[in-house]
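Thanks for coming. I have one structure to go through today, so please look at it while I talk.

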Amino acid sequence: MALLDRARLGMEVVVFATINLTSTGRQNLMTFEQDIVRHAEVMECYTMTGIWDYMLKIVTRDIRHYEDFVRNTLTASPAIRELHSHMAVTEIKNSTELPLDSQL
């Protein structure tokens, strides 16, 4: 597996999107999860505790591509009731290395 430099490839926009579904019934959750994994823009997806059902990490080339992805893909899903976008401004730390020295 290769790690690619997002910035060098021109993938400028990183968004953490919080999502609430129209219903949190088992079938709705499964449908949403099966759908969301098919979108390459979604780099990570987590179920959450608290007020949000899911948090997504989304990467796109620019803000226009993010807007298009939200308008034509995410909000087109009848499963999504609410979506909030949190734009990353400055990346302070981004690591793929697990904290083995401090955890094992």
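His39 sits in the loop between helix 1 and strand 2, residues 42-47; helices (H or I, at least four residues) and strands (E, at least two) are DSSP runs, numbered from the N terminus. At 17% relative accessibility, His39 counts as buried, where buried means under 20% relative accessible area, exposed over 50%, and partly exposed in between, with a 1.4 Å probe and protein chains only. Leaving out residues up to four places away in sequence, His39 touches Phe69 and Thr73; contact means heavy atoms within 4.5 Å.

A word on the source. This is a predicted model, in which local features need pLDDT of at least 70 and side-chain atom pairs count only at pLDDT 80 or more, while totals for chains, interfaces and linings use all residues. Residues are numbered from 1 along each chain as its sequence is written, and side-chain values use heavy atoms, with hydrogens and water left out.

Now the overall layout. The protein has 3 helices and 4 strands, and along the sequence they follow the pattern β-α-β-β-α-β-α. The C-alpha trace spans about 40 × 40 × 25 Å along its principal axes. Of the 104 residues, 26% are buried. Among contacts with a separation of 6 or more, 65% come from residues 24 or more positions apart.

Next, helix 1. Which of its residues are buried? They are Asn28, Phe32 and Ile36. These residues cover an arc of only 55° around the axis, so they lie on the same side of helix 1; the arc is that of the directions from the helix axis to the C-beta atoms. As a reminder, an α-helix has 3.6 residues a turn, so residues three or four places apart point the same way. On the other side of helix 1, Arg26, Gln27 and Gln34 are exposed. The cover over the buried residues of helix 1 includes strand 1 (13-21), strand 2, strand 3, helix 2 (63-74) and strand 4 (80-87).

Last, ring pairs. Rings of Phe, Tyr and Trp (its six-membered ring) pair if their centres lie within 6.5 Å; planes under 30 degrees apart count as stacked, over 60 as edge-to-face and the rest as tilted. By this rule there is 1 aromatic pair. The ring centres of Phe32 and Tyr54 are 4.5 Å apart with planes at 45°, so the pair is tilted. Phe32 is in helix 1 (residues 26-36) and Tyr54 in strand 3 (residues 54-60), so the pair ties together parts 22 residues apart in sequence. Both Phe32 and Tyr54 are buried.
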